[in-house]
Amino acid sequence: MAFKYGGKVDFPITVTLGRGLEGAITNESSIGYVDGQEGKLVYRGYDVADLAEHSSFEETAYLLIFGKLPQKDELDEFDRQLKENRDIDPKIIDILKKLPTTAHPMSKLEVAVSSLGCFDPITINNVEIGTQAGIKLISKLASVTAMLARIRKNQDIIAPRKDLRHAENFMYMISGEIPDELTTKVMDMALILHADHGMNASTFTSMVVASTLSDMYSAICAGICSLKGPLHGGANEFSLENLIKLTSETEARKWVQDCIKNKVKIMGFGHRIYKVYDPRARIFKRYAKEICEQAGKSDLYKIAEVVEDEVVKAYGSKGIFPNVDFYSGLIYNSLGIDTSLFTPIFAVSRVAGWVARILEYLPNSRIFRPRAVYTGPTDLKYTPMEER
Ligand code: CMC
């Protein structure tokens, strides 16, 4: 939408207003590239499909933050720091236990990150301190999320283990059992696939907060608040909830038709940038089939395929295809993870991208300060109450 300014404004120019900042450029970055036309996602030059296949979350987080694939000693040291930081102060666990059981884990995660910041009151205004805080947060977000899963079910907290890999320890802290190889592989892959995605709402939110030179904990907490919404990270929960209500293929097709007729958005589909199939969804779909079969949930997978088929038939020409949130939920559900934990898991991964982008911006940081197009009057005279 183009606006021609006139009247009492301080910059008489024509501007283009993209609703939801569509088309706006915030900064330069060499962290990741989302190719919405080709359906490709790149982290630091590497195709995410390759990373999902061959890398680990630890290595991918290192890549995002430090800009290169690590040498063995570099990865060992990074991994050591992640492991060392897994513990959560018992006072924070007490705070989390006192919150209402019914509160959404994302709200509790906000409290947890703010609390972590209270126990580690450091600032973000240099890269070194920000990096230390970032590594702590990447480590601790996984521990806290697993603890929230257990608190929600009134189960005892399981202490982290320092001999397990990040994804492995995360699943162990949720279930109390060391996961099998496929489960670890799939969770690791899920964490890799969600780790960064351009200037999405939560990344932008956390960067805006960091651009004020606020601390890393506040910036990451803000990212979590933004990720929670159903149009962003929260879509994975809503998507799965819709799917599990459908009991047959006929019902699934009818449900999609009803959504289309009533102009209801179907969660897990569509994307601002991708106008073709989301490359992450393609990878999740492949694993979802296998994991659903293994969990005896092939019917759920079939329902999902039918929903995809109907949605793409109706909206494919508009560039609406499954996004990352459609098949990931099937995988988590088949791994026995509660739906309310899906978005927190997104945060456990995306924190790596938030940290990387904040640290990249920091050396030349300038406070984000866009403007709104003011459409109201500028010359009203104040009227006292009795004269209105
Ligand atoms: N179901 C039905 N119609 C849709 C959908 C959908 N999921 N997504 C977009 N559309 C339609 C929308 O109704 C609009 O149609 P029209 O032009 O006729 O008014 C058109 O496509 C453009 O939609 P929009 O909402 O203006 O697109 P956007 O770029 O602002 O929003 C989106 C992108 C992801 C918010 C949107 O596609 C959506 O709401 N999807 C459902 C929620 C979801 O799955 N979110 C997760 C996104 S991926 C992971 C993440 O970023 O967290």
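Biologist: How far is the sulfur of Cys221 from the closest cysteine sulfur?

Modeller: Keep in mind that this is a predicted model. The closest cysteine sulfur to that of Cys221 sits in Cys225, and the pair is too far apart for a bond. A disulfide would need the two sulfurs within 2.5 Å, whereas the distance here is 4.5 Å.

Biologist: Then how many disulfides does that rule give?

Modeller: Cys225 is in no disulfide, as its nearest cysteine sulfur is that of Cys221, 4.5 Å away. By the 2.5 Å rule, the count is zero.

Biologist: Is Cys221 buried or exposed?

Modeller: Buried means under 20% relative accessible area. Cys225, at 40%, counts as partly exposed. Cys221 has a value of 11%, so this residue is buried.

Biologist: Which residue has a backbone N or O atom 2.7 Å from a ligand nitrogen?

Modeller: The ligand is surrounded by 20 residues, with His232, Lys265, Ile266, Phe269 and Arg272 the closest. A polar backbone atom of Leu231 is 3.0 Å from a ligand nitrogen, and a backbone N or O atom of Gly233 is 3.3 Å from a ligand oxygen. The 2.7 Å distance to a ligand nitrogen belongs to Ile266.

Definitions and conventions. Residues numbered from 1 in each chain as written. Predicted model: local features only at pLDDT ≥ 70, side-chain atom pairs only at ≥ 80, totals over all residues. Heavy atoms only, no water. Buried < 20%, exposed > 50% of the residue type's maximum accessible area, 1.4 Å probe, protein only. Near = heavy atom within 4 Å. Polar contact = N/O pair within 3.5 Å; in protein donor to acceptor, adjacent residues only side chain to side chain.
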